[in-house]
Amino acid sequence: MNPSAADRDLAERHFAETIDALRTAGQGRAPAKGQPEAPVRPGSALTGERCLELFAAQLGSRHLDLAARWLRAQGAGYYTIGSSGHEGNAGVAAALRLTDPALLHYRSGAFYLARAAQAVPPRDGVADVLLGIIGAAAEPIAGGRHKVFGHPDLSVIPQTSTIASHLPRSLGLAFALPRAARLGLPARWPADALVVASLGDASVNHSTAAGTLNAAAYCTYQRLPMPLLIVCEDNGIGISVRTPAGWVAAAGSARPGIRYFHADGSDLAEVYDTTLAAAAWVRERRSPAFLHLSTVRIGGHAGSDAETGYRDQAEIKADLAADPLLGTARLLIDAGLLTPDEVLARYEESRQQVLSMADSVAPFPRLTSAAEVMAPLAPRTPDAVAAGATAVAADYVRKEAFGRRLPEEAGPLTLAQSINSTLTDAMVARPGVCVFGEDVARKGGVYGVTRGLLARFGAGRVFDTLLDEQSILGLALGAGLAGLLPVPEIQYLAYLHNAADQLRGEAATLPFFSQGSFRNPMVVRIASYAYQGFGGHFHNDSSVAALRDIPGLIVASPARPEDAAAMLRTCLAAAEHDGSVCVFLEPIALYHARDLHAAGDGGWLAPYQPPEYWAAAHVPVGQARTHGGGADATIITFGNGLWLSLRAAGRLAAQGIGCRVVDLRWLAPLPAADILREANATGRVVIADETRRTGGVSEGVLTVLADGGFGGRVTRVTSEDSFVPLGDAATTVLLSQAAIEDAVRALLTGGPAAG
Ligand SMILES: Cc1ncc(C[n+]2csc(CCOP(=O)(O)OP(=O)(O)O)c2C)c(N)n1
Ligand SMILES: [Mg+2]
């Protein structure tokens with residue numbers, strides 16, 4: 001393939017004409033003999049030799065953009081967002097270390113190629129990128145699932161398309177690397193690594209970016225190490241919307257504790273020198289920096305974007321004049337290292353290399369089956385998880401951590417006490433477990449669930465965070481990536497939702513987009529559900545629909561103290577062994593419940609299992625629990641619904657109606673086999689669901705029954721499609737015990753079901 005001159009785009013012609021003009025101007029002059037080992041420009045740390053290498057990366061990146069468009073035109077490629085105009089980022093890569101984890105903007109072709117060249121032995125970054133563009137199964141990071149920049153050997157962590165959503169993770173990683181070192185734990189990257197995260201100028205305005213800048217400044221203000229280098233590649237525009245002149249400088253330089261650096265992205269030597277200075281600042285002081293690169297965008301937002309619709313010719317020409325390829329070519333010509341003819345020859349040589357590689361990879365196999373696509377989604381090793389769930393420290397170590405009395409000797413525990421003891425055991429057995437969130441440390445949690453952990457394990461492992469759920473989950477994303485086992489807490493389920501993309505778009509997708517090369521294990525504890533008796537909607541939210549549809553996510557919903565202990569151990573083991581992302585929904589209203597049927601019966605307490613019984617008590621992911629064996633009706637429920645249903649079953653039993661009550665325990669994956677078995681056992685099912693009627697869990701259970709060919713009768717009682725009001729009015733919209741009893745009776749008499 002060799003496009004004719006007429007096919008060449010504006011940038012190509014402009015590059016060729018400008019270099020040609022330099023040749024004409026310099027004709028007659030003997031080319032100076034430059035010294036490759038000398039600075040490419042007096043005063044710069046960039047040598048001529050290094051500049052030549054980086055020029056190769058820049059040229060390769062430019063031709064990758066052109067190849068992407070050619071592949072698209074052939075129907076072989078699927079991604080045309082390019083890096084043209086941003087190739088100065090090769091200088092950023094060159095000034096950093098191969099072991100500095102990088103979370104990159106989508107215009108990072110030259111960074112990626114420069115870093116690939118740093119590897120020992122060097123990688124062929126061009127092939128990696130081309131395989132991504134065509135969605136080839138052999139692509140080394142996402143395996144054809146997306147076009148991302150990433151490679152485990154290059155410490156490049158793949159990013160999603162959601163702009164700036166990788167910044168909270170970069171914050172978390174920069175927080176976790178020094179933390180892991182301080183705790184004496186092995187981490188994937190050296191303790192003196194810095195984390196580099198890049199983004200565009202429009203993306204700086206996103207709450208994830210603003211939140212990260214704020215959180216980084218907040219940490220620095222408290223003298224916490226935060227080796228984070230944020231690079232803003234400012235091309236002045238986001239798709240078609242101009243960024244106000246001076247805004248990035250104003251926004252990036254006004255953060256307390258974050259040092260601002262600026263470089264002209266078209267001047268490779270300046271980019272390199274400025275990045276060296278910024279990296280030294282970050283690495284030596286363990287303090288964040290904001291590196292502002294002025295760049296240009298050449299060729300529209302993506303291949304399909306006709307920028308002439310919203311930009312005038314003068315603007316487009318001004319960007320061409322600042323083409324970083326020309327900038328580097330001038331540097332090399334001025335240094336006497338290349339003649340204009342040699343520049344043009346290298347340009348053409350790079351074109352041939354990239355295009356012939358594009359030609360040869362175009363027919364590479366793509367993913368062809370759902371099984372192939374989904375293979376890395378949620379690896380599960382139930383046997384290893386079962387074994388891991390029994391991990392426990394030696395007796396004397398436990399005794400030291402728990403104080404005089406072990407929890408199994410403390411008599412029956414509440415749900416909150418059971419979770420507290422399980423967390424304590426987990427922290428004793430697993431040095432990587434860290435517990436953090438709002439109010440979890442000094443206060444011990446709003447409901448006392450993490451009480452005592454700070455005193456037992458210290459502020460290195462148990463700490464209060466700033467009030468920002470996005471940053472809390474970002475800390476978990478980075479800590480998991482670094483090799484820790486984070487257990488973040490979200491104070492109320494309603495407050496997960498303003499940060500949910502960090503779970504949905506970031507945590508859950510990482511194995512998918514990296515084929516497991518990178519993982520972010522975590523167990524997110526969330527105080528959940530209603531029936532608190534006060535607080536209104538935001539403290540009584542039960543919205544789980546947004547979690548249940550996230551591929552691979554494990555959603556645990558324990559109700560009883562003994563189940564919570566076993567399930568938390570399962571989640572921690574699944575996170576550790578399988579890299580699972582687990583959400584652990586704790587019913588607030590049951591935290592301190594003691595009784596079930598009558599005051600003083602202690603029916604909601606349970607003793608803590610001694611470690612020798614943990615294996616027998618293991619609860620695998622997706623396994624329900626059946627209470628009772630009544631043959632008249634099956635009540636399927638979870639969370640507070642279990643408490644209500646067991647009470648309802650008790651009253652119905654007194655009326656001669658035998659129920660069995662199925663506690664789902666896991667909302668994702670739903671225990672389909674258990675649901676069907678218990679439904680078929682009676683042929684009459686009442687689903688008692690405290691979540692909303694629309695989009696709530698009952699819809700999933702009904703679907704399991706329908707999919708499984710259940711032929712009996714089924715009805716459901718749920719909470720209303722409403723927000724929860726303050727005070728006693730809450731009961732008007734919430735699932736009630738009476739509604740469950742009525743529904744069972746109606747089902748048995750064949751009359752209309754309640755609900
Ligand atoms: C959260 C989110 N909203 C919208 C988009 C769609 N989108 C993709 S790129 C982009 C503009 C980004 O501009 P900028 O940050 O300046 O980066 P540039 O493309 O100019 O390098 C938008 C709006 C997105 N990817 N993510
Ligand atoms: Mg931009």
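## A buried arginine and its partner

Arg430 has a relative accessible area of 7% and is therefore buried; buried means under 20% relative accessible area, exposed over 50%, and partly exposed in between, with a 1.4 Å probe and protein chains only. The structure is a predicted model, in which local features need pLDDT of at least 70 and side-chain atom pairs count only at pLDDT 80 or more, while totals for chains, interfaces and linings use all residues. Residues are numbered from 1 along each chain as its sequence is written, chains are lettered from A and ligands numbered from 1 in the order in which they are written, and side-chain values use heavy atoms, with hydrogens and water left out.

The side chain of Arg430 meets that of Glu576 in a salt bridge, with 3.0 Å from N to O. A salt bridge is a side-chain nitrogen of Lys or Arg within 4 Å of a carboxyl oxygen of Asp or Glu. This pair links distant parts of the chain, 146 residues apart: Glu576 belongs to helix α22 (residues 561-578), and Arg430 to the loop between α16 (415-429) and β9 (433-437). Helices (H or I, at least four residues) and strands (E, at least two) are DSSP runs, numbered from the N terminus. Glu576 counts as partly exposed, because its relative accessibility is 34%.

## Further salt bridges

The whole structure contains 34 salt bridges. One of them joins the side chains of Asp192 and Arg97, at 3.0 Å from N to O. Here too the pair links distant parts of the chain, 95 residues apart: Asp192 is in the loop between α6 (167-182) and β3 (195-200), and Arg97 is in the loop between α3 (89-95) and β1 (102-103). Asp192 is partly exposed at 37% relative accessibility, and Arg97 is partly exposed at 37%.

Arg745 forms a salt bridge with Asp742, and their closest N and O atoms are 3.0 Å apart. The two residues are three apart in helix α26 (residues 737-749), so about one helical turn separates Arg745 and Asp742. Arg745 is partly exposed at 27% relative accessibility, and Asp742 is partly exposed at 38%. Elsewhere, salt bridges that share partners join Arg242, Arg297, Asp305, Glu307, Arg311, Glu315 and Asp319 into one network.

## The magnesium ion

Asp201 (OD), Asn235 (OD1) and Ile237 (O) coordinate the magnesium ion (ligand 2) at 2.0 to 2.1 Å. Donors are N, O and S atoms within 2.8 Å of the metal (3.2 Å for Na, K and Ca); water is not among the atoms, so sites may look incomplete. Along the sequence, the spacing of these donor residues is D-x33-N-x1-I. Asn235 and Ile237 are both buried.

## The surroundings of ligand 1

Ligand 1 is surrounded by 17 residues, of which His105, Tyr106, Arg107, Ser203 and Ile237 are the closest; a residue is near a molecule if one of its heavy atoms lies within 4 Å of it. An oxygen atom of ligand 1 is 2.8 Å from an N or O atom in the side chain of His105. For the side chain of Tyr106, the corresponding distance from an oxygen atom of ligand 1 is 2.5 Å. A nitrogen atom of ligand 1 is 3.2 Å from a backbone N or O atom of Ile163.

## A buried serine

Ser165 is located in the loop between β2 (156-157) and α6. Its relative accessibility is 1%, and Ser165 therefore counts as buried. A polar atom of the Ser165 side chain lies 2.8 Å from the backbone oxygen of Thr162.

How values were computed:
Polar contact = N/O pair within 3.5 Å; in protein donor to acceptor, adjacent residues only side chain to side chain.
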